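Here is a short report on one protein structure. Please keep the sequence and the 3D view at hand as you read.

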Amino acid sequence: MSRKTYSLSAVAVVATAGLSFSSADGAEALAQADTSDVAIAAPAIDQDAFETVPLPVKADPVAARPAFVSREVVQPLPEPSAKPEPVNARSLHELVSTVAPGEMSEQLQCLASAVYFEARGEPLSGQLAVAQVIINRTEDGRFPASYCGVVHQRAQFSFIKNGRMPQVRTSSAAWQRAKAIARIAHEGMWESEAADAVFFHANYVRPSWSHRKTRTAQIDTHIFYR
């Protein structure tokens with residue numbers, strides 16, 4: 001018998017033995033057989049033995065761009081001057097007489113109107129304090145964030161009737177003073193005695209909430225709280 005024939009017979013024997021014995025016995029039989037002419041299969045590759053390194057993800061330049069806004073966001077309040085002009089006035093009265101209100105935005109008109117209706121009979125310091133309370137409220141999360149929002153907030157100012165503001169006598173000296181006070185308060189040109197107050201009332205009434213607030217000042221007929 002030729003070597004080739006003998007080798008093929010050995011393979012047949014091994015195959016038959018593999019059907020009858022366990023995998024361990026089959027492996028021993030294969031080790032004892034003459035398989036010099038039989039191709040040996042390559043060992044299986046253990047995929048878990050290799051570390052998988054993720055490929056870097058290239059950033060999408062379109063996704064990185066900021067979202068386009070079709071309309072400019074409207075700020076509720078006019079921005080005060082970045083660098084207010086130096087105040088050389090020796091008194092608030094002198095400052096009021098020198099400040100030119102100029103053209104006023106809707107927000108500043110709401111602020112001036114509140115000063116006009118709430119405190120035009122008060123001294124200038126009292127008018128400034130009322131304006132300061134409105135400004136402080138716009139910075140307090142419990143109130144609207146704009147002057148007009150604060151002034152028109154329901155049940156806050158008695159001069160607002162059915163959500164409407166009365167007519168201002170724009171030719172009066174009181175209105176000119178109120179506009180100057182609004183500008184001074186908005187620009188922070190003079191420190192108010194009301195400081196950080198967000199509430200006030202006339203001294204001839206005693207609202208129930210006043211006992212739970214901290215009193216900051218009293219100017220003429222108005223008492224201020226924070």
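## Salt bridges

Arg142 and Asp140 form a salt bridge in this predicted model. Their closest N and O atoms are 2.8 Å apart. Asp140 has a relative accessible area of 18%. Buried means under 20%, so Asp140 counts as buried.

How many salt bridges does a search of the whole structure find? The search finds three. Another one joins Arg90 to Glu94, with 3.4 Å between the closest N and O atoms. Arg90 counts as exposed because its relative accessibility is 75%. Glu94 is at 26%, so Glu94 counts as partly exposed. Why can such pairs form at all? Side chains of opposite charge can pair when their charged atoms come close.

## A link between distant parts

Asp196 and Arg226 also meet through their side chains in a salt bridge, at 3.7 Å from N to O. This pair links distant parts of the chain. Asp196 sits in the loop between helix 8 (173–187) and strand 1 (199–202). Arg226 lies in the segment after strand 3 (222–225).

Three of them form an open sheet, and their order is 1-3-2. The pairing is antiparallel. Strand 1 and strand 2 are the edge strands, and each pairs on one side only. From one strand to the next, the twist averages 20 degrees.

Strand 3 pairs with strand 2 over four bridges. In this pairing, Ala217 stands opposite Phe224 of strand 3, and Arg215 stands opposite Tyr225 of strand 3. Strand 3 also pairs with strand 1 in the antiparallel sense, again over four bridges. Here Ala202 stands opposite His222 of strand 3.

## Cover and turn

Which residues of strand 3 are buried on each side? His222 and Phe224 are buried on one side. Ile223 and Tyr225 are buried on the other. Both faces of strand 3 are therefore covered.

The hairpin of strand 2 and strand 3 has two residues between the strands. Asp220 in this hairpin takes a positive phi near 55 degrees.

## A loop residue

Tyr204 is found in the loop between strand 1 and strand 2 (215–219). At 69% relative accessibility, Tyr204 is over the 50% cut-off, so Tyr204 counts as exposed. How far apart are Tyr204 and Thr221 in sequence and in space? They are 17 residues apart in sequence. In space, 7.8 Å lies between their C-alpha atoms.

## The largest pocket

The largest pocket has a volume of about 320 Å³. It is lined by 13 residues. Which of them are closest to its centre? They are Arg137, Gln156, Phe200, His201 and Trp209.

Strand 1 gives the largest share of this lining, with four residues.

Technical notes
Residues are numbered from 1 along each chain as its sequence is written. This is a predicted model: local features need pLDDT of at least 70, side-chain atom pairs count only at pLDDT 80 or more; totals for chains, interfaces and linings use all residues. Side-chain values use heavy atoms; hydrogens and water are left out. A salt bridge is a side-chain nitrogen of Lys or Arg within 4 Å of a carboxyl oxygen of Asp or Glu. Buried means under 20% relative accessible area, exposed over 50%, partly exposed in between (1.4 Å probe, protein chains only). Two strands pair if DSSP finds at least two bridges between them. Axes are lines fitted to C-alpha atoms, for helices over the stretch in contact, and angles run from 0 to 180 degrees between N-to-C directions. On a 1 Å grid over the protein atoms alone, a cavity is a set of points where a 1.4 Å probe fits but cannot get out, and a pocket is an open set with protein on both sides within 12 Å along at least five of seven lines; lining residues have an atom within 4 Å of a point. Grid points are joined across faces, edges and corners, and a volume is the space filled by probe spheres set on the points.
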